[in-house]
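Visitor: I would like to learn how to read a protein model feature by feature. Could you take me through one, giving the general idea before each case?

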Amino acid sequence: MANLVNLESVSKSYGVRPLLDAVSLGVGEGDRIGVVGLNGGGKTTLLEVLAGLEPADSGRVSRTRDLRVAVVTQRTDLPPGGTVRNAVLDPLGFNADHEWAADARVRAVLDGIGITQLGLDSPVDRMSGGERRRVSLAAALVQELDLVILDEPTNHLDIEGVRWLADHLLARRTALVVVTHDRWFLDTVCSRTWEVQNGRVEQYEGGYADWVFARAERARLADTLEEKRRNLAAKELAWLRRGAPARTSKPKYRIEAAEALIANVPPPRDSVELQAFAKRRLGKTVIELEDASLSIPDRTLLDHVTWRIGPGDRVGLVGVNGSGKTTLLKLLAGELDPETGKRIQGSTVRLAYLSQELADLPGELRVLEAVEEIARRVTLGKQEMSASQLAEKFGFPPNRQWTPVSDLSGGEKRRLQLSRLLMAEPNVLLLDEPTNDLDIDTLQQLEDLLDSWPGTLVVVSHDRYLVERVCDEVYALFGDGRAKHLPGGIDEYLTRRAATQAPEAPVKATKPRSSAADQRAAGKELQRLERMLDKLTKREAQLHTELAEAATNPDRLLALDAQLRDLLKEKDEVEERWLELADSAE
């Protein structure tokens, strides 16, 4: 297999800081490479050198002749004064709508990323940053390419869009280099992983799960990484193994190497213990909507909905972009009032709401002072830590904690906002896209805190990995005026969404599926069914508890009994499907 791009002893520095130090690597035909590492560690610089956007300070960068490459960076360069049509279709030479509509590949891209909904004649100058990023992504994907280079392509896509992008990239033979913190995307799409750290690029076979196993193994053998990082890797390993044993593509090799690390690691959280503790802190009433209605400009978001969020509930809220998730979160937070009905908040609730907008931060203070302004020490679940320790968990090492807040980047300000929010020791957390601008190590720190956090949690996120890990239940907005509970989680949401969409012509791979590809597909289906069974089992236990509590309420008993019967029927069907797949795999 020929290489498309080669780096030979390439170095690149900004100021006195080397981001790439004598790096040698190559991108081959059909490679799908995920790039991971700390924020500011050189990931974007590596992409820009690969793409030819930035020259190397030393070393050699070579590319094959007539290489067809497209780059989508976090800086959206669209023609000023132009429209979506100018940016996406004009470079392809289409002169009429029927020409591009007849091209199945182009049509699939425009529909899959939501460009059709934006409108081809919409001016790009009036679009939000997220919309401009989607237009740039579409302009790259409609082309016939040898290599596509993407920097955080999932940041402004909903869960459905992320899955579409993954399926699309898997169906094409185009080589891919992608920087992303979306771990589900890395695990689904990438066959190799590059980790950028301290000016070097370590290379691994496999996606995110394989990289986690390899990194933990490296820590065990070398015993040189700091203790906190080894502990985080061990906890991540335990979750990966217990939640979905087939997740890694090399299970025997990785599991044997990691046994010493995960042998004594407790489960990420004890849901029963945390829920009991939450009830003692919160009582029975947390946030309730009774007969609530709420409208947004083009639709009814809630139509006489009753929804009770109880102590210790951990809820993920999903829906397409523009479905009203943020508006619903503002209603739960008390920032909006329902048009009918009422919102009830328990008297012991201490609520914290992380919005997508940056809160006003004290620019005149330094990072540590801004955190200590809220409190000097905090207890989160069973963890007690100082303001400095919490700041370090969110990516502010001791030397960075004396940086003036006014000098922080947008991503750093968001991390500071989250640190200050947790320092207030809330018992109810409402988080709107908390993973934006966080690298994978910081995401692990956040999940580590949320795993053992004994309160009520509602999360809006397109990061399905985070939702599946920290939430016990998933609710979805389908545009029917309801917040629909989905026992099957995100997989059920995507299945329901697919059922409501008109069938589209798929992007066909140029090669038939191999037996190995079939095995990978079967393995992923087994993983999906295992996660669904786990969620159904948890929901079954919860329903039994609610039935016991409703012993004196006949109407409530009937409703819960009907839910339990439906759930048991669904569980039987999932178990039967799992057994069929497991037998065929053997």
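Guide: We shall go from the whole chain to a pair of helices, then to salt bridges, and end with single residues.

Visitor: What should I know about the model as a whole, and how many helices and strands does the protein have?

Guide: Please keep in mind that this is a predicted model. The secondary structure comes to 21 helices and 20 strands, and of the 586 residues 54% count as buried. The accessible surface is about 26300 Å², with 48% of that area belonging to carbon and sulfur atoms. Among contacts with a separation of 6 or more, 70% are between residues 24 or more positions apart.

Visitor: How do I read a pair of helices, for example α4 and α7?

Guide: Two packed helices are described by the angle between their axes and by the distance between those axes. Here helix α4 (residues 104–112) and helix α7 (residues 159–171) have axes that come within 10 Å and cross at roughly 155 degrees. Since angles over 145 degrees count as roughly antiparallel, α4 is roughly antiparallel to α7.

Visitor: Which residues of α4 and α7 meet?

Guide: From α4 the residues are A108, V109 and G112, and they meet G161, W164 and H168 of α7. Sorted by class, this contact has three nonpolar and three polar residues, and no charged ones.

Visitor: How should I think about salt bridges, and how many does a search of the whole structure find?

Guide: Side chains of opposite charge can pair when their charged atoms come close. The search finds 22 salt bridges in the whole structure. One of them joins the side chains of E54 and K12, at 3.6 Å from N to O. E54 lies in the loop between α1 and β4, while K12 belongs to strand β1, so the pair ties together parts that are 42 residues apart in sequence.

Visitor: Are E54 and K12 buried or partly exposed?

Guide: E54 counts as partly exposed, at 27% relative accessibility, whereas K12 is buried, with a relative accessible area of 6%.

Visitor: What does the salt bridge between D31 and R192 tie together?

Guide: The closest N and O atoms of D31 and R192 are 2.8 Å apart. D31 lies in the loop between β2 and β3 and R192 in strand β8, so this pair ties together parts that are 161 residues apart in sequence. D31 counts as buried at 9% relative accessibility, and R192 counts as buried at 15%.

Visitor: Where do R464 and D491 lie?

Guide: R464 lies in helix α18 and D491 in helix α19, so the pair ties together parts that are 27 residues apart in sequence. Their side chains meet in a salt bridge at 3.0 Å, N to O, and both residues are buried. Salt bridges can also share partners, and in this way R183, E447, D451, D463 and R469 are joined into one network.

Visitor: Which residues of helix α13 are buried?

Guide: An α-helix has 3.6 residues a turn, so residues three or four places apart point the same way. In helix α13 (residues 325–333), the buried residues are K325, L328, L329, L331, L332 and A333. Just after α13, G334 takes a positive phi of about 85 degrees.

Technical notes
Residues numbered from 1 in each chain as written. Predicted model: local features only at pLDDT ≥ 70, side-chain atom pairs only at ≥ 80, totals over all residues. Heavy atoms only, no water. Axes fitted to C-alpha atoms, helices over the stretch in contact; angles between N-to-C directions. Helix = DSSP H or I, 4+ residues; strand = E, 2+ residues; numbered from the N terminus. Parallel < 35°, antiparallel > 145°, perpendicular 65-115°, else oblique. Contact = heavy atoms within 4.5 Å. Nonpolar A, V, L, I, M, F, W, Y, C, P; charged D, E, K, R; others polar. Buried < 20%, exposed > 50% of the residue type's maximum accessible area, 1.4 Å probe, protein only. Areas by Shrake-Rupley, 256 points an atom, 1.4 Å probe, with all protein chains shown as cover. Salt bridge = Lys/Arg side-chain N within 4 Å of Asp/Glu carboxyl O.
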